[in-house]
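I opened the model to check a few local features. These are my notes.

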Amino acid sequence: MFEALGFLAIKLGVIPSDFSYAGLKDKKAITYQAMVVRKVTPERLKNIEKEIEKKRMNVFNIRSVDDSLRLGQLKGNHFDITIRNLRNQINDSSNLRERILEAIENVKNKGFVNYYGPQRFGMGRKVHTDQIGLALLKSEMVEAVKLFLTPEDLDDPVNRAKKYFLQTEDAKGTLSLMPEFKVRERALLESLHRFGMTEEGCIQAWFSFPHSMRIFYVHAYSSKIWNEAVSYRFATYGSRVVEGDLVSLDEDVDDEHFTNSKVHLVTEEEESANTYAIHQVVLPVLGYNIQYPKNKIGQWYQEILSRDGLQTCRFKVPTLKLNVPGCYRQILKHPRNVSYQLMEEHETDVKTEGSHVDEATLSLLISFDLDASCYATVCLREIMKHDF
């Protein structure tokens, strides 16, 4: 998505931060969303439609609007997903169709643990986005740049360029090696070439990214801790709502932006009376304007902040103009408007010359809606009981 924005910005003669949008979209999907770009007329955008299409992008419904968009300003996402070559897990002798329908009904009725999905943390093996976010929160700007430019164990132009940079810190030389399509890496390197690999130079380099990108890394760290917190919460208390838990009093929560006044601390009497259900429990996503549970989970948060050297962190990075107030996230979610269809796909397998074996494989077409900031990958993992 950021590469797409970089390309559009060049063609329109604007900068990436002139674009605004309500959500970040996955790389490995066909996605569409509303976007607003400042300082550009509808005619100007229509003039480059042919060039956009060459990059396998389309722009629809071009019109003038009064306001920009902001992250989080969407109700949710709709997904249409096909899962092919379905088969039972090892040691499962159940009828495959029955097992699939049972798994879908289970998630429809009971929901799934509302983890942040793997794409939140990047698919790299060596460095994840949350590690960069932690370095930024600790104002370790040089370290954050080095993490961003850490290569994977792959021998391709991008990773060769990154490897060269870590060995030499030669931003200009690295630029000549870095492929054109790596828009973010090139923007960072151009800034480092100009300002140098000092603390101040690295601060300037981070400003080559739009605010939404800078804050994304910090949010990735908060998300990682939230995932660990919800696992610890279920391991410690299971599906009971216990004293000291935080619950949402707003039944109609479909995003994470509800305030402290909508969050209630469960009392001993309320635990005894089973006043609240597990789907009302929320956990804080780290920031400066949140309260913590008053039970073992709250203690766990403090231990984690100590572990990561953030005991005194105020979740503000003034040098990068980052403020992270935090929010609350429901620990369980349900997919809505679920529909599905099982299809047989016939594949002809040529075994030996002249003989064909026609094998039917089962595919699942599934559609559902999820609230903003919920992950289809996580919902699917719960249905399939399988990482992918």
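This is a predicted model: local features need pLDDT of at least 70, side-chain atom pairs count only at pLDDT 80 or more; totals for chains, interfaces and linings use all residues.

Entry 1

I looked for like charges and found a patch of negative charge on the surface, made up of Glu-140, Glu-143, Glu-199 and Glu-200. I placed Glu-200 in helix α10, which spans residues 199-206. I then looked up the exposure of Glu-200: its relative accessible area is 47%, so I list Glu-200 as partly exposed. That value clears the patch cut-off, which asks for over 30%.

I checked which strand pairs with β10 (residues 327-330) and found β7 (residues 281-285). The two run in the antiparallel sense and are joined over four bridges. Within this pair, I found Pro-284 opposite Tyr-328 of β10. I next looked at where the side chains of β10 point. Cys-327 and Arg-329 face one way, while Tyr-328 and Gln-330 face the other way. I recorded all four as buried.

Most residues other than glycine have a negative phi, so I looked for exceptions. Asn-274 has a positive phi of about 50°. I located Asn-274 in the loop between α12 (268-272) and β7. With a relative accessible area of 62%, Asn-274 is exposed.

For Lys-321 I read a phi near 55°. Lys-321 sits in the loop between β8 (316-317) and β9 (322-323). I list Lys-321 as exposed because its relative accessible area is 60%, and the cut-off for that class is over 50%.

Conventions: Residues are numbered from 1 along each chain as its sequence is written. Side-chain values use heavy atoms; hydrogens and water are left out. Patches are made of residues with over 30% relative accessible area and no salt bridge: like charges are joined within 9 Å, nonpolar side chains (Val, Leu, Ile, Met, Phe, Trp, Tyr) within 5 Å. Accessible areas come from the Shrake-Rupley method with a 1.4 Å probe; for residues, only the protein chains shown count as cover. A salt bridge is a side-chain nitrogen of Lys or Arg within 4 Å of a carboxyl oxygen of Asp or Glu. Lys and Arg count as positive and Asp and Glu as negative; His and the chain ends are not counted. The place of a charge is taken as NZ of Lys, CZ of Arg, CG of Asp or CD of Glu. Buried means under 20% relative accessible area, exposed over 50%, partly exposed in between (1.4 Å probe, protein chains only). Two strands pair if DSSP finds at least two bridges between them.
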